[in-house]
Each structure stands twice: as structure tokens, then as C-alpha cells.
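Here is a short tour of one protein model, written for someone new to reading structures. Have a look at the sequence and the 3D view, then follow along below.

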Amino acid sequence: MSSTPITKETYLEWYKSMLLMRKFEEKTGQLYGQQKIRGFCHLYIGQEAVVAGTISATRPEDTLITSYRDHAHALAKGVSANACMAEMYGKITGCSKGKGGSMHFFSKEHRMMGGHGIVGGQIPLGAGIAFAEKYLGKDNVNVCFMGDGAVRQGALNETFNMAMLWKIPVIFVCENNGYAMGTSVQRTTNMQDIYKIGLGFDMPSMPVDGMDPVAVHNAMDEAVQRARAGEGPTFLEIRTYRYKGHSMSDPAKYRTKEELEEFKGRDPLLSTKHAILENNYADDAWFTEVEADVKKVVEESVKFAEESPYPTVDELYNDIYVQEDYPFIMD
């Protein structure tokens with residue numbers, strides 16, 4: 001039995017949130033091409049249902065941690081488009097004060113515990129965050145996202161073992177979009193059902209259709225209930241697809257046009273819109289209004305970012321973990 005049932009409001013919120021993710025990133029791609037955004041930039045276009053279904057099955061108090069493909073996760077957790085775009089521009093008004101850029105969105109307020117550039121580095125961190133919640137007597141969970149390439153990191157095995165041993169309330173999510181950078185899953189592993197990795201630790205593990213927010217929501221809801229009940233972690237292999245390359249510098253020549261078009265036919269935005277219309281949850285006028293609102297939010301975020309100041313030089317010395325009375329430093 002789902003603890004968070006899927007309602008009309010759920011579908012409407014899914015569409016609005018996924019449309020914001022999509023339009024924000026489309027604008028990001030344009031700005032990157034104009035060299036207004038620099039550095040690395042990894043777009044999430046096509047994978048929006050994974051985050052949408054996760055958010056609808058969790059609480060605002062639950063934490064989320066992910067890799068460098070983090071824009072949609074931050075927006076879904078409630079970080080404003082203004083703060084996200086300003087971070088992309090490297091401005092002081094960004095969610096990481098302009099110090100993180102595209103790969104390192106963070107918001108303590110919204111329980112967004114960061115995008116992380118080190119492949120798989122977030123896996124033990126996610127378990128640690130969840131352990132802290134358990135230690136403090138809270139029933140919050142952590143959702144720890146990773147890509148299909150990150151599951152090759154040795155830290156995953158160590159973390160899975162500890163999470164099961166201590167029944168840590170963490171949901172590990174492999175967003176399997178088929179390619180680790182430009183290398184397909186088929187070329188990197190003999191066992192292509194990635195979720196089976198968790199079975200070696202007796203961890204509840206399953207594959208999930210990542211193009212369908214309903215499937216994601218239901219799988220996540222079950223995992224969350226298990227974690228809150230003290231039964232420990234779950235490993236979900238959520239099978240999804242990115243319509244763009246690994247990063248903005250990737251032409252994605254390693255896949256066929258036919259494969260791309262097949263997955264575009266399963267676009268979660270289109271299927272969610274179809275479900276809303278089919279169930280008479282909203283009409284065309286509602287979609288027109290939502291699209292106008294989202295366009296306005298994205299345009300305002302660009303204006304906000306461009307008008308915001310860069311960090312001053314003294315910001316280099318702020319937000320750094322240091323022990324001021326460290327006894328082994330001598331002038």
C-alpha cells in the first residue's frame with residue numbers, strides 16, 4: 001500500500017516540475033553555446049521522470065545527494081531557478097555562492113546535499129548522511145543517486161556492506177541511462193542487470209522504468225517505507241535515457257539516431273501530458289498557462305544571473321573547513 005498515493009495533484013506537479021527541469025536545461029545549453037556558462041556542464045534532458053517520481057514519494061526533510069548531473073535534482077528539491085542559474089554563471093547569488101558551478105549545486109536549506117564531481121564519491125557520503133539521521137533518532141532517509149559508470153567504484157561495495165550491516169536508511173539509485181560517458185553498459189559489464197549487484201549483499205534490489213514517473217514513485221515509495229521502518233537500504237536500478245550527450249562537449253556519436261528516437265517516443269513529459277488529458281485533470285488552457293509560467297521563471301533566472309555580482313576575492317577564504325588553533329602550524 002502506497003503511503004503517498006498518486007493523485008490528480010501529483011500528475012499536475014510532475015508535469016510542472018519536469019517542464020521546469022527541461023526548459024531550464026534547454027536554456028542552459030543555449031547559454032553554454034554562447035560561452036556565458038563555462039566549465040563542465042552535464043544535461044539531464046530525458047531523465048526528468050526519475051527525479052519527479054522520487055520527490056513525490058519522499059518528504060522535504062529527506063536528503064538527496066547526486067553526481068555532477070545535478071541541475072534537475074536541485075530544482076526538484078526546491079532550490080530556485082535564480083539560485084541555480086546564478087551558480088552556473090559563477091555568481092555570488094548562486095546556491096553555492098558561485099564557487100561550485102554546474103557540477104556542485106548545494107543547499108542545506110533544501111536538503112540538497114550536493115552534486116559531486118568525483119565519480120562515485122557521493123555513494124559513501126549518502127550512506128553517511130543517512131547514518132547521521134538514524135544516529136540522531138530521526139526517521140528521514142537519504143536518496144543517493146549515481147550513474148551506471150559509478151557502480152564500478154570499489155566504494156560502492158564497501159558502502160553497500162556497511163549499509164546493510166547497520167540498516168542505514170538510504171535508497172541507492174543507479175540512474176542507468178545506458179552510457180558511462182560514451183561507453184555503453186554492454187561494453188563495461190558482463191552482467192547488464194545492474195540491480196543484481198545489490199543482491200550479493202541481500203539488499204532489496206529491483207529494476208524500474210525510469211521513463212515513467214508512476215513506476216519511479218511506486219518503487220521509491222516502497223523503498224522509503226522500508227527505510228523509515230528501520231529495515232535498511234534498497235538499491236533501485238532506474239533505467240532511463242539522456243537525449244543529449246554525456247556533457248556539452250560530447251557529440252554522442254556512439255549511439256544511433258534510431259535508438260535516440262525510440263526513447264524520445266517515451267518522453268516522460270509527453271506521457272504525463274497524455275495521462276493528464278486522458279483523465280481530464282486539466283485542459284489545454286492549463287498547459288498553455290504552465291508553459292508561459294515556466295518560460296517566465298527561466299527568463300527571469302537568466303536576468304538575475306547576469307545582473308548578479310561575482311564573488312569578491314575575500315570569498316576565497318570563506319566556507320573552508322579549518323581549525324584556527326591547529327597546533328602544528330608554525331609561522
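## Around Asn177

Leaving aside its neighbours within four places in sequence, Asn177 is in contact with Gln47, Arg69, Asp148, Thr240, Tyr241 and Arg242. Contact here means heavy atoms within 4.5 Å. You'll find Asn177 in the loop between strand 4 (170–176) and strand 5. Helices (H or I, at least four residues) and strands (E, at least two) are DSSP runs, numbered from the N terminus.

Is Asn177 buried or exposed? Asn177 counts as buried, because its relative accessibility is 5%. The cut-offs go like this: buried means under 20% relative accessible area, exposed means over 50%, and partly exposed is in between (1.4 Å probe, protein chains only).

## What kind of model this is

This is a predicted model, where local features need pLDDT of at least 70 and side-chain atom pairs count only at pLDDT 80 or more, while totals for chains, interfaces and linings use all residues. Residues are numbered from 1 along each chain as its sequence is written, and side-chain values use heavy atoms, with hydrogens and water left out.

## Helix 2 meets helix 9

Now to a pair of helices. The axes of helix 2 (residues 48–56) and helix 9 (residues 213–228) come within 8 Å and cross at roughly 45°. That angle makes helix 2 oblique to helix 9. Axes are lines fitted to C-alpha atoms, for helices over the stretch in contact, and angles run from 0 to 180 degrees between N-to-C directions. Angles under 35 degrees count as roughly parallel, over 145 as roughly antiparallel, 65 to 115 as roughly perpendicular and the rest as oblique.

The crossing of helix 2 and helix 9 is also right-handed. A crossing is right-handed if the near helix is turned clockwise from the far one by less than a right angle, and left-handed if anticlockwise. On the helix 2 side, the residues that meet helix 9 are Ala49, Val50, Gly53, Thr54 and Ser56, and their partners in helix 9 are Pro213, Val216, His217 and Met220. Sorted by class, the residues of this contact between helix 2 and helix 9 are five nonpolar, four polar and no charged. For these classes, Ala, Val, Leu, Ile, Met, Phe, Trp, Tyr, Cys and Pro count as nonpolar, Asp, Glu, Lys and Arg as charged, and the others, Gly among them, as polar.

## Helix 1 alongside helix 4

What about helix 1 and helix 4? The axes of helix 1 (residues 8–33) and helix 4 (residues 81–89) come within 12 Å and cross at roughly 20°. That makes helix 1 roughly parallel to helix 4. Helix 1 passes helix 4 in a right-handed crossing.

Helix 1 brings Phe24, Lys27, Thr28 and Leu31 to the contact, and helix 4 brings Ala81, Cys84, Met85, Met88 and Tyr89. By class, the contact of helix 1 with helix 4 has seven nonpolar residues, one polar and one charged.

## Rings in pairs

How many aromatic pairs does the structure hold? There are 13 aromatic pairs. Rings of Phe, Tyr and Trp (its six-membered ring) pair if their centres lie within 6.5 Å; planes under 30 degrees apart count as stacked, over 60 as edge-to-face and the rest as tilted. One of the pairs is Phe131 with Tyr135, which is tilted, at 6.1 Å centre to centre and 35° between the planes. Phe131 and Tyr135 are four residues apart in helix 5 (residues 122–135), so about one helical turn separates them. Phe131 is partly exposed at 33% relative accessibility, and Tyr135 is exposed at 67%.

Then there's Tyr179 with Tyr254: their ring centres are 5.0 Å apart and their planes are at 45°, so this pair is tilted. Tyr179 lies in strand 5 and Tyr254 in the loop between strand 8 (234–239) and helix 10 (257–264), so the pair ties together parts that are 75 residues apart in sequence. Tyr179 is buried, with a relative accessible area of 9%, whereas Tyr254 is partly exposed at 28%. Ring pairs also link Phe160, Phe172, Phe201 and Phe235 into a cluster.

## Two positive phi values

Met181 isn't a glycine, yet Met181 has a positive phi of about 55°. Met181 sits in the loop between strand 5 (179–180) and strand 6 (183–184), and counts as exposed at 54% relative accessibility.

Asp319 also has a positive phi, near 60°, in a residue other than glycine. Asp319 is in the segment after helix 12 (284–307), and is exposed, with a relative accessible area of 57%.
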